[in-house]
Each structure stands twice: as C-alpha cells, then as structure tokens.
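Subject: The structure I promised you

Hi,

Here's the structure for you to look through. Have it open on your screen while you read my notes.

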Amino acid sequence: MSIEIIEYPDAELMMLKLASIISNALKATLRHQDSASLAVPGGSTPGPLFDALGAIDLGWDRVNVLLTDERWVPEDSPRSNTALLRERLLVGPAAKATLIPFFTGAASPEDDLTTLYDRVASALPLSVCLLGMGADMHTASLFPGGSALEDALTGEAPVWPMRAPGADEPRVTLGARVLNDAFQRHLVITGPEKREALERARHLPPTTAPVAAILPDTTVHWAP
Ligand code: 6PG
C-alpha cells in the first residue's frame, strides 16, 4: 500500500504545520459550505496541536467539532477526551465551535445508541478527520481484538460501542465508513515505535491492524 508520509524534524514543528493545514482546509470548506466538521483524536499526542489550532481565527462559529472516539467516562474524569477538547482546543477563537460530545451519562454506550447516532449524523460528512494511532496499530477506538471491530470496519452505523483488552474502559468510536468518507484525512504519530507499527500495518489486514483500514488517501505526519 502506498501512502504519503510527511516527516518533520520535531513534534513541535509538526503540530504547528498540522494546525495550519487543518485550519486552511476548514477555511476552504467554509468558503463554499455553511458549516464544516472536524473530527480529532484524544489521547496524549494532540494537546500541542489543539493549542495552536484553537488560536487560529477561521470562523469557528460554523464548525462542528467531535472526537474520533471517546472513553465512556464523565467529563470530570482525567480520562475524558471531551474534557481535553474543552481545555486545549475550544478556547480562544475556537470556543465558538459547536462541540458534539459522545458521553451521555448513561451507564453504558449501548443504552444510548440512538442519541449517539443522531449526534454524529448531524456532523456528517466530516470535512477534516485527524486520527491518532497506538503502538498496537489501533486508530480511533478500532482496537485489535475489539468487541465490535469487524462491525465497525465494515458496518453502516456511524458510531460503535467498543470494548477491548487494550482499552481501560468502554469506548465509542466512529466507524471506518465515516472515517473514510471524510473529505480530508490525516494521521499524526510520534516516535520510532509508532513508525515501526505503521510500517507493519501497511502489510496487514485491518482485522489485525485496524489502522490499515484508513490508510489509503490518508496523509501521515510523523516526528521522532
Ligand atoms: C484515545 C484516542 C486514541 C489515540 C491513540 C494514541 O482516546 O486514546 O483517541 O485513538 O489516538 O490511542 O494515543 P496517544 O496519543 O496517547 O499515544
């Protein structure tokens, strides 16, 4: 599989460049559409990108922001990706964006699936989708060995509950169809371990290496 990989000398520069790429894509979308949708990952990698992106004035009041996946925890949990968005992205000019949260307060994601479908459907198709990846080759919460992995890779539903050995708590994740329908897709990774995992994933099926499902037409951004 041939994919475009952009290598940066360091992560700081990569995050600034990505903020510029994503903001330009959103601005271009807003020139010919009333609204745009941006999906972003949680986890430990994208914080500095959020700091830079949220500071760019681009007409955020017409932008929907959602996560590619969320841990099923309330926003006062340190594990909440939504809390990360509120703290790092939706500040400054980006505070005007419309956040589409996943966690509903229900005991489990299966209890509120219709609400989740409606929320995600309101933001589709994605204009820009940024993804992260784990060293186990998961992306979003499409985990190897995940309870609903095959359905989430091939099914029609926009969002799927997921449980996995590599995830601490129940998750919800956008499905591969929604991720692949995005007009523009980027994957951001750092460090040699993830770079090696990416190389392995290129030659494996998505059931083993879920990130392989979204690699075609995705621009990969890597820094040591
Ligand atoms: C999450 C993410 C997940 C993340 C990867 C990489 O909730 O954990 O959305 O898909 O992008 O696990 O995580 P790190 O950036 O923490 O390595």
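Predicted model: local features only at pLDDT ≥ 70, side-chain atom pairs only at ≥ 80, totals over all residues.

Let's start with the helices. Look for α2, which covers residues 47-54, and α3, which covers residues 81-89. Their axes sit 8 Å apart and they pack at an angle of about 45°. On the α2 side, the contact is made by Gly47, Pro48, Phe50, Asp51, Leu53 and Gly54. On the α3 side you'll find Leu84, Leu85, Arg88 and Leu89. Sorted by class, that contact of α2 with α3 has six nonpolar residues, two polar ones and two charged ones.

Now for the ligand. Which residues come nearest to it? There are 14 residues around the ligand, and the nearest are Thr45, Asp69, Asn81, His138 and Lys194. Have a look at Asn81, where a polar side-chain atom lies 2.6 Å from an oxygen atom of the ligand. For His138, an N or O atom in the side chain is also 2.6 Å from a ligand oxygen. With Arg171, the distance from a side-chain N or O atom to an oxygen of the ligand is 3.4 Å. How much of the ligand does the protein bury? Taken alone, the ligand exposes 410 Å², and the protein buries 87% of that.

Last, the two backbone spots. The peptide bond from Leu124 to Pro125 is cis, with omega near -5°. You'll find Pro125 in the loop between α4 (113-121) and β6 (128-131). The other spot is Met137, which has a positive phi of about 75° although it isn't a glycine. Met137 is in the loop between β6 and α5 (149-154).

Cheers

Definitions and conventions
Residues numbered from 1 in each chain as written. Heavy atoms only, no water. Axes fitted to C-alpha atoms, helices over the stretch in contact; angles between N-to-C directions. Helix = DSSP H or I, 4+ residues; strand = E, 2+ residues; numbered from the N terminus. Contact = heavy atoms within 4.5 Å. Nonpolar A, V, L, I, M, F, W, Y, C, P; charged D, E, K, R; others polar. Near = heavy atom within 4 Å. Polar contact = N/O pair within 3.5 Å; in protein donor to acceptor, adjacent residues only side chain to side chain. Areas by Shrake-Rupley, 256 points an atom, 1.4 Å probe, with all protein chains shown as cover.
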